[in-house]
Amino acid sequence: MLQRGLGLNNKSNRFAKLLAVSGMVAIACAGCSRLSVSNGSMDYKSAHSIPPIQVPAAIQTRQIAPLYPVPAIPENAASEKLVLSNAKGNRFALPKPQPLDPSSIPPDQLGVGAPSAPVLVVDGNGFPILKIEGDAPKIWDVMNRTLSVANVNVANRNTAANRFDVVIDNTTYQLRLGRIGNTTTVTLQKPDDSLADKAIATDLLDKITQNWAG
């Protein structure tokens, strides 16, 4: 029993010493970071180029070329203002990103704002098409609400294919949402990908326009 007790005490002592050493290392690392002690990360600024290796003319070798050539970086106003160090200048630090100015981004790339009201047009063959400007996911959400408000029987919502399967007079059609630039086009098609009857399509798209929930 005594030997077993001594063994447990020795293990406890070793564990306590290990914890103490780990704590000292953690404190030391935190202190170095807090005190901004140099870690050599800015040494590259004092680096200088050295001449390439010169091979005696009497020795024939393959052409020697640098494996990792360093490109010359032209100085400009932006590079001169860029600061890549801490306040003391002895540790490398990435600059914080500047806040983005939304006014400098084209509206079609912001992805914000409510979609426009749908406009019913007719293509060259006389088939009706809805055109809606705005963010595609928002248009999908508004279209989903509009179909509910208009009491359209929606059998399935396929977000991956960008279509609603709607039932009209016991026949299933596909209300498809296409995308051209910042414009969503809406057409009514049959399951075989052909366009639905003009009168049926016009009636549904006109109902969507009148009940638009955007």
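**Contacts and backbone notes**

Analyst: Arg 176 has a relative accessible area of 25%, so Arg 176 is partly exposed. The cut-offs are under 20% for buried and over 50% for exposed, with partly exposed in between, using a 1.4 Å probe and protein chains only.

User: What are the ground rules for the model?

Analyst: This is a predicted model, where local features need pLDDT of at least 70 and side-chain atom pairs count only at pLDDT 80 or more, while totals for chains, interfaces and linings use all residues. Residues are numbered from 1 along each chain as its sequence is written, and side-chain values use heavy atoms, with hydrogens and water left out.

User: Back to Arg 176. Which residue forms a salt bridge with it?

Analyst: Asp 193, with the closest N and O atoms 2.6 Å apart. The two are 17 residues apart and link distant parts of the chain: Arg 176 is in strand β5 (residues 171-180), and Asp 193 is in the loop between β6 (183-189) and α5 (198-210). Strands (E, at least two residues) and helices (H or I, at least four) are DSSP runs numbered from the N terminus. A salt bridge needs a side-chain nitrogen of Lys or Arg within 4 Å of a carboxyl oxygen of Asp or Glu.

User: Is Asp 193 buried, exposed or partly exposed?

Analyst: Partly exposed, because its relative accessibility is 47%.

User: How many salt bridges in the whole structure?

Analyst: The search finds 2. Asp 165 and Arg 163 also meet through their side chains, at 2.9 Å from N to O. Both of these residues are buried.

User: Arg 163 again: what is its bridge partner?

Analyst: Asn 158. Strands β3 (residues 153-158) and β4 (residues 163-168) run antiparallel and are joined by 5 bridges; strands pair if DSSP finds at least two bridges between them.

User: Where else is phi positive in a residue other than glycine?

Analyst: Asn 151 is one of them, near 60 degrees. Asn 151 sits in the loop between α4 and β3 and is exposed, at 69% relative accessibility. Asp 169 also has a positive phi, about 55 degrees. Asp 169 is in the loop between β4 and β5, and its relative accessible area of 70% makes it exposed.

User: Switching to rings. How many aromatic pairs?

Analyst: There is 1. Trp 140 and Phe 164 have ring centres 4.1 Å apart and planes at 20 degrees, so they are stacked. Rings of Phe, Tyr and Trp (its six-membered ring) pair if their centres lie within 6.5 Å; planes under 30 degrees apart are stacked, over 60 edge-to-face, and the rest tilted. Trp 140 belongs to helix α4 (residues 136-149) and Phe 164 to strand β4, 24 residues apart.

User: What is the relative accessibility of Phe 164?

Analyst: 0%, so Phe 164 counts as buried. Trp 140 is buried too, at 12%.

User: And what does Thr 183 make a polar contact with?

Analyst: The side chain of Glu 133, at 2.7 Å from the side chain of Thr 183. A polar contact is a pair of N or O atoms within 3.5 Å; within protein, one must be able to donate a hydrogen and the other to accept it, and residues adjacent in sequence count only if both atoms are side-chain atoms. Thr 183 lies in strand β6 and is buried, at 15% relative accessibility.
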